[in-house]
Amino acid sequence: MKLGCSFATSLETPEHIRIAEELGYERALCYDSPALYPDVWMVLNQAAERTDRIVLGPGVLIPSLRHPMVTASAITTLVHTAGPDRVLIGIGSGFTGRLAMGRPPVPWARVEHYTEVVRALLRGEQVEWEGATMQLIQPDARFGPALPISVPWGVAGEGPKGTGVARSLGAELFRITAPEPDFGPQMMMLIGTVLDEGEDPGSERVIDAAGHGAGLFLHWAVEHGVIDELLGESGHAWAAAYDHIPEGVRHIALHDRHVVGVNEIDRPFVTGEVITAAGLALTRDQWRDRFAELEKAGCDWLHFQPAGSDVPRELEAFAAAYHRRGEDTP
């Protein structure tokens, strides 16, 4: 089981990816949510220029945000900067990237077709899109690397349809809930923080670093109508805190600081008890137990998403827990 990281893309992310590479992380994915974060491709190319080994990519693209020709061209640019062995392309139906703009996820059939079209473009083929034929025709090496280009793909799919698309495309499966039995390869994204010895899970440092994970559970529960399953009665009270905001713009307030921090509406509900119950603040030994469980369940990659005001600290603490996972507990 290997170690990677995922970032809510910021202007500081290229430097954070450089640090991650030094700490032994082997992959870095950047979220593609234009309403919240800077352009993912520009940040990835900046990261590629600062690093030598770490694999880079968007995690994940959403078909409705970019024409497939634009995505194919962006991939060629990242391949030129980083090299084909350092590029991984993630795609999905759209959680934050769509919902933060008030739109539902796109159908999985569209995700699969979009991926097939982009792949065909990277092979140098002519493809039909919106009733017209198109092809990547970059004239020579001054404009992009030679075709065909082949890079691995990953699909962020939590349910049977997304899992089926990943299987159909021969792609890695990206998960945040639990590994899929008998599927490989697959990645689990982990959110939280490593507690210092004797640290209070309700401390300001912990809430700064891990409180965004509690907000993620609320946002997911509200947008997918599963409050009872995930959060119960307290979740309804939390969601009701947004009732004063007009429905047409409520999604904007709901996604304020999404997976980055805790917004003002969420803050009264994000306590040490909530963080502990969600498994977002664990000691080094508790994280090691979690790693063992995931590896046993068939996980091939762990991707840690750091947050808060001290991302380097979060990257270092998590990497230390990971690299010591085989040691005996003192």
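The largest nonpolar core has 67 residues, where a nonpolar core is a set of buried Ala, Val, Leu, Ile, Met, Phe, Trp, Tyr and Cys residues joined through side-chain atoms within 4.5 Å. Buried means under 20% relative accessible area, exposed over 50%, and partly exposed in between, with a 1.4 Å probe and protein chains only. This is a predicted model, in which local features need pLDDT of at least 70 and side-chain atom pairs count only at pLDDT 80 or more, while totals for chains, interfaces and linings use all residues. Residues are numbered from 1 along each chain as its sequence is written, and side-chain values use heavy atoms, with hydrogens and water left out.

**Nonpolar cores**

- Within the largest core, the residues with the most contacts inside it are Tyr25, Trp41, Ile75, Phe291, Leu302 and Phe318.
- Helix α5 gives the most to this core, with eight residues; helices (H or I, at least four residues) and strands (E, at least two) are DSSP runs, numbered from the N terminus.
- Not counting residues up to four places away in sequence, Phe291 touches Met1, Leu190, Leu302, Phe318, Ala321, Tyr322 and Arg325, contact meaning heavy atoms within 4.5 Å.
- Another core, of 35 residues, lies apart from the largest one, and among its members are Ala214, Tyr242, Ile245 and Val262.

- The axes of helix α3 (residues 68–82) and helix α5 (residues 108–122) come within 9 Å and cross at roughly 50°; axes are lines fitted to C-alpha atoms, for helices over the stretch in contact, and angles run from 0 to 180 degrees between N-to-C directions.
- The two helices α3 and α5 are therefore oblique to each other, given that angles under 35 degrees count as roughly parallel, over 145 as roughly antiparallel, 65 to 115 as roughly perpendicular and the rest as oblique.
- From α3, Pro68, Met69, Thr71, Ala72, Ile75 and Thr76 meet Tyr114, Val117, Val118, Leu121 and Leu122 of α5, and by class this contact has nine nonpolar, two polar and no charged residues; Ala, Val, Leu, Ile, Met, Phe, Trp, Tyr, Cys and Pro count as nonpolar, Asp, Glu, Lys and Arg as charged, and the others, Gly among them, as polar.
- The axes of α5 and helix α6 (residues 160–169) also come within 9 Å, crossing at roughly 20°, which makes α5 roughly parallel to α6.
- Here Trp108, Glu112, Thr115, Glu116 and Arg119 of α5 meet Lys161, Gly162, Val165, Ser168 and Leu169 of α6, and the residues of this contact divide into three nonpolar, three polar and four charged.

**Packing of α1 with α13**

- Helix α1 (residues 13–22) and helix α13 (residues 311–323) pack at an angle of about 25°, with their axes 10 Å apart, and are therefore roughly parallel to each other.
- His16, Ile19 and Ala20 of α1 make the contact with Val311, Pro312 and Leu315 of α13, a set that divides into five nonpolar, one polar and no charged residues.

**Two individual residues**

- Ser93 sits in the loop between β4 (89–92) and α4 (96–99) and is buried, with a relative accessible area of 13%.
- Leaving aside neighbours within four places in sequence, Ser93 is in contact with Ile62, Arg98, Pro105, Val106, Trp108 and Val111.
- Ile252 belongs to helix α10 (residues 250–254) and counts as exposed, at 52% relative accessibility.
- The C-alpha atoms of Ile252 and Ala100 are separated by 6.0 Å, although these residues are 152 residues apart along the chain.
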